[in-house]
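Student: I have a structure open and would like to learn how to read its features. Where do we start?

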Amino acid sequence: MARVPPVEWVPHVEAYVDVARPAAQHSASVDALAALVNKDKLTLFDLVSKMDMYLTTTDHIVRSRGILLLGEILSRISFKCLDVNTITTLSDFFISRLSDWQAIRGALVGCLALLHRKQGVGCIVIADVKRLVESFLQNVPVQSLAAADRKLCFEILSCILDRYPEAVKQMDGEQLYGICEAIDEEKDPECLMLSFHVVEVVMKLFPDPSGLAAQFAGDVFEILSKYFPVYFTHGVGNGLDATREDLSRALMHAFCSTQYFEPFVIPLLLDKLASSLPLAKIDSLKYLDNCIRFYGADRMVRHASAVWYKLKEVIFNLSSDQLLISEALNCLKTAIMYTDSSDKDLFINLILLDEDIVNKIRSVSSVEKSILSSLEDLAQLHALGSVISILAESSTYFCTRVLQEHFAHLVDIVGTKADYESRQLNNCNGSSSAPVNYGALYLSVQLLSSCREVALPMLRQEYVSCAVKGLLTLATFPEQCSPLPANAYEDILLMFTSIIISKFENVDLWRLSLKALTSIGSSIAEFHDSEREVVYYRTVVDKIVSLVESYDTSMPLSLRLEASYEVGTAGLNYMLRVAKSLEVAVVTNISESEANGRMECAEHVAHLFECYSSRVLPWLLTSGGVNELALSFALRLLDETKDLTVLDRMSSQGLLDSLMTGMKLLVGVCTEEQQSLIVQKAYSIISSMFSLPLKLMTDRLLAVDELVPSHSVPETALISMFSSIIVGLRPQTPVPDMMVTINLLSVFLLNGKMPAAYALASIFNKYLHNPEFSHENQLDKILDDILERCFLTVLANSCSKISHSSAGTSDDVNFSDVFSGNKLSKINILSSLAWIGKGLLMRGDEKVKDISMFLLKILCSDEILASIPSHQEEPYGGHSSDTSLTICVASAFHVMMSDSEMCLNKKFHARIKPLYKQRFFSILMPIFLSKIKETTAVTTKLALYRAFGHIISNAPVPAVITEAHQILLVMVDSLAKLSFDIEDKDLVYSLLLVFSGMLMDEKGKECILDNIQITISVLTELVSYPHMMVVRETALQCLVAFSTLPHSKIYPMRRKVVQAAIKALDDKKRAVRQVAVRCRQTWISSCLRWDLWIICQVPDV
């Protein structure tokens, strides 16, 4: 299309930049320029070139107008496709302008416009979003800006959190503090709406107990608490979009954004219930109701008493209006239902045994006159009846408790049957000798009504269950002797199917109907009813399975997947239909994700893949008929993912991991011939994407930067998909251009890409010394080269201090081929070595010793640890770089010894030599024991304990017990030393399980008896272990087992054990308290018998 000459559009730029022009002309100029860009009559490049003077001038008024114009145009061309370079250039410009406070509005408008762009038309990349966040928090003083600009700031933060959460998941405390600073003291209603939403999303992003939400909950809530209750009011004509109700709702959602607000929110809400302002009380009750639901029983149980007393004050306060009492009763109902602790009598006892409630019921019982004579008494009685009704209606158990506590007594007060007949006669004669206690009568009726409400659903459920069972029985008669005509049979299927599709809110009926449909389908297969199979397929299978293929439906995806799978289990043909439907749904949603960039599509695909891989595929494997289906699906996935742009989007949406897992499983179930087709196609895609120097790659291992100088996200994603295919191959399936493939994977491995490590580990496990392939001798050499490069990469900063030979490397390696330690993630390289070592260990290859000795050398070398750059990224939270490296090295032994679902297992056809774990344990045990004994440095010894702990906990227990006399003290010392760091909690639990196994074995008991004092001392300390409940529970169980050992050995330790058990009686977890009671009783009774025996041995004087 012909371009418009500058003379026609430059005046629009000049008109907008001129602040003297009216606002209407400014708006018209922006609209005109945006229309030209949208119609391709003006390019952004030409526009920016001509505007260069306005964008860079030192005149801040002109500069701010120019930047604002560019931002406004960008916001009006949100649906126009822009290439990556243009988006990157605009991102760089507007991010840099955030530091220009005089032109801040234009920078904010431009950044917001970039953030709002959708995937399909060119959008800002994650790396630039991260830079934007950093620059924004560093340079933009939000609270010093005008209200309109502050609103833009909060819209930017809200958009980033909603659409690009991965950009802020690595946020540090300083950045969170910057967000708090931006929100603090905000007073504009529309800005407050956005700021409350920002807090809500930020806190939801960090659910981990050690995350930012837990650390800064108090600081963030201190800011939020200033706005409760919301007093904002405004007239209709002031142009504001936010109402008081909107603000209050947004603040309530922020209060409920994280459970870590609970210690601050609940006391505040309960305190506000004492306010003299009705609005504050109403809001407090509404917030309290929502917070109880969100925080859950574990957190709310500690507030149960305070909540009840505050609600009681409102409910029985005569000055409270009806709306307030109604809200309090609703809140009480929620509290009863959701504060369901392990002690289910907790809340009901608070109410039934409450002194005020007991006194009120007694006062009702003692009144022998009409309760209607006093309005105050009537109000109190109504409140009491409401509380008891709510309590009784909450559950069958609560209803029974209330009836047992009060009903018989109330009925006695109302009168016996004889009294009733006497009063009836007297009333008929116009006189009554005894007054009716209307209070007791009212409470009795309320209780009976509540019982009816509890009983009716149970009865209805029984009726429904019987009806479904009857229809199921009729529908499962064999066709030749069925009492049902064909149309009635189809009507039953249609009815059950309609319940599945439209009545999913009724969970019980829905599950009964689904179970009935599955049983009917199974009966068809059992009796080989061919005609009914056609009807069932058409009426049930097609309709239910089609739900999976649909994206837009009100029925939750989890229920659609469950219904499809359960119906599929009725027969092989049905499950094949389900599998095909899931394949179509995955491919369709990947395409939609590419088109519209919706994160929901990515989550949708992840759930579909989860169902396919964890439920459908295993079922089909046991029934047969899965190979062709898997081949078709794998090839379709390759077709969908061969475009680098598609892979880039999938990576940014978090979809890649699901696709890789699915691809591995699909390849794993295929035959060798089918796998060859898949891997050949994948390799051809790789070859077309990379310009591979095949001759060089066949002869030698290339340098990291010789093959692929810079790895983009899409290229990494492509290699990751290819790696997942390699992982699933059978040992008999040839890998195309094996040397080239290994060379390519090694480059990505040395760049710290873990999928390449999984693939190489699989190759060396399955193909090393494999006589079926001509390159078996080359594999040995290239394995040596890869290990050598990995060793040298880790040692890159300390090569002058540590001899290469000590790490199993040679001296003729060219260091120019190795990246420096600053450019590589040493952590990932060490993890890669662990996976390669695991592959070699499982097949029984001797080269695993080289890797093990190298890792051990790292653990024992302070010089290596000292060489790690202090600025290196720390992937283990607050740990230092040194600690992070030692944790990774120790975890490497865990990788080698543990079973893995990711790769190198029977499912993915790994070669597994029998007893390989026992042999590895036997080889390393004396080496570790010697190193631990020799080491004096505390940090080094702790690292050795951690690594050896992984080996012990993953070795077969009989092998460990055989060497118990050598390793028991090391195990016990490891438990003591590792119990201080929360990062080691899983390892502590694993070691404790091994110890409990020793305690159950006779040989293990002998070793423990020889070291009983130190062993019991460590166990009593673990009874108070704060980081994991099961550690405390298991330690107590071990102490219970100790009580069966010879009394002469355990008697001296009785006081320490009993004290530890008594201390555990106050544990927060019921399971721990129960074992603590058992432990205390066992030890006290056991030692008492010993004391009595000793007394009996003393001769009488």
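Tutor: We start with a definition: a residue is called buried when its relative accessible area is under 20%, exposed when it is over 50%, and partly exposed in between. Keep in mind that this is a predicted model.

Student: Is Phe948 buried or exposed by that rule?

Tutor: Phe948 has a relative accessibility of 1%, so it counts as buried.

Student: How do I describe two aromatic rings next to each other?

Tutor: A pair of aromatic rings is described by the distance of the centres and the angle of the planes. For the angle, planes under 30 degrees apart count as stacked and those over 60 as edge-to-face. Now take Phe928 and Phe948: their ring centres are 5.4 Å apart and the planes stand at 10°, so this pair is stacked. Phe928 belongs to helix H44 and Phe948 to helix H45 (residues 938–954), so the pair ties together parts that are 20 residues apart in sequence.

Student: How many aromatic pairs does the structure have?

Tutor: The count is 19 aromatic pairs. One of them is formed by Phe893 and Phe928, with 5.4 Å from centre to centre and 80° between the planes, which makes it edge-to-face. This pair links distant parts of the chain, since Phe893 is in helix H43 and Phe928 in helix H44, 35 residues apart. Phe893 is buried, with a relative accessible area of 0%, and Phe928 is buried with a value of 0% as well.

Student: Which residues form one aromatic cluster?

Tutor: The cluster consists of Phe221, Phe228, Phe255, Phe261, Phe264 and Tyr287.

Student: What about a charge placed over a ring?

Tutor: There the distance runs from the charged end to the ring centre. The charged end of Arg65 sits over the ring of Tyr16, 4.2 Å from the centre of that ring. For Arg1054, whose charged end sits over the ring of Tyr1051, the distance is 3.9 Å.

Student: How should I read a salt bridge?

Tutor: Side chains of opposite charge can pair when their charged atoms come close. The cut-off used here is 4 Å between a side-chain nitrogen of Lys or Arg and a carboxyl oxygen of Asp or Glu. A search of the whole structure gives 40 salt bridges. In one of them, Lys151 pairs with Glu190, and the closest N and O atoms are 3.3 Å apart. Lys151 is in helix H8 (residues 147–163) and Glu190 in helix H10 (residues 189–204), so this pair links distant parts of the chain, 39 residues apart. Lys151 is partly exposed, at 25% relative accessibility, whereas Glu190 is buried, at 16%.

Student: Are Asp354 and Lys312 buried or exposed?

Tutor: Both are buried. Their side chains meet in a salt bridge of 3.0 Å, N to O. Asp354 lies in the loop between helix H18 (346–352) and helix H19 (355–366), and Lys312 in helix H16 (residues 304–315), so the pair ties together parts 42 residues apart in sequence.

Student: What is the N to O distance in the salt bridge of Lys917 and Asp899?

Tutor: That distance is 3.1 Å. Lys917 lies in helix H44 (residues 916–934), and Asp899 in the loop between helix H43 (881–897) and H44, 18 residues apart. Lys917 is buried, with a relative accessible area of 14%, but Asp899 is exposed, with 63%. Elsewhere, salt bridges that share partners join Asp184, Glu185, Lys187 and Lys226 into one network.

Student: Where is Leu760?

Tutor: Leu760 is in helix H38 (residues 754–767), and it is buried, with a relative accessible area of 0%. Its C-alpha atom is separated by 8.6 Å from that of Leu749, 11 residues apart along the chain.

Student: Which residues make the nonpolar surface patch of about 270 Å²?

Tutor: Tyr231, Leu277 and Leu279 make that patch. Leu279 is found in helix H14 (residues 278–295) and is partly exposed, with a relative accessible area of 33%.

How values were computed. Residues numbered from 1 in each chain as written. Predicted model: local features only at pLDDT ≥ 70, side-chain atom pairs only at ≥ 80, totals over all residues. Heavy atoms only, no water. Patch = residues over 30% accessible without salt bridge, like charges linked within 9 Å, V, L, I, M, F, W, Y side chains within 5 Å. Areas by Shrake-Rupley, 256 points an atom, 1.4 Å probe, with all protein chains shown as cover. Helix = DSSP H or I, 4+ residues; strand = E, 2+ residues; numbered from the N terminus. Buried < 20%, exposed > 50% of the residue type's maximum accessible area, 1.4 Å probe, protein only. Phe/Tyr/Trp six-rings, centres within 6.5 Å; stacked < 30°, edge-to-face > 60°. Lys NZ or Arg CZ within 6 Å of the ring centre and 35° of its normal.
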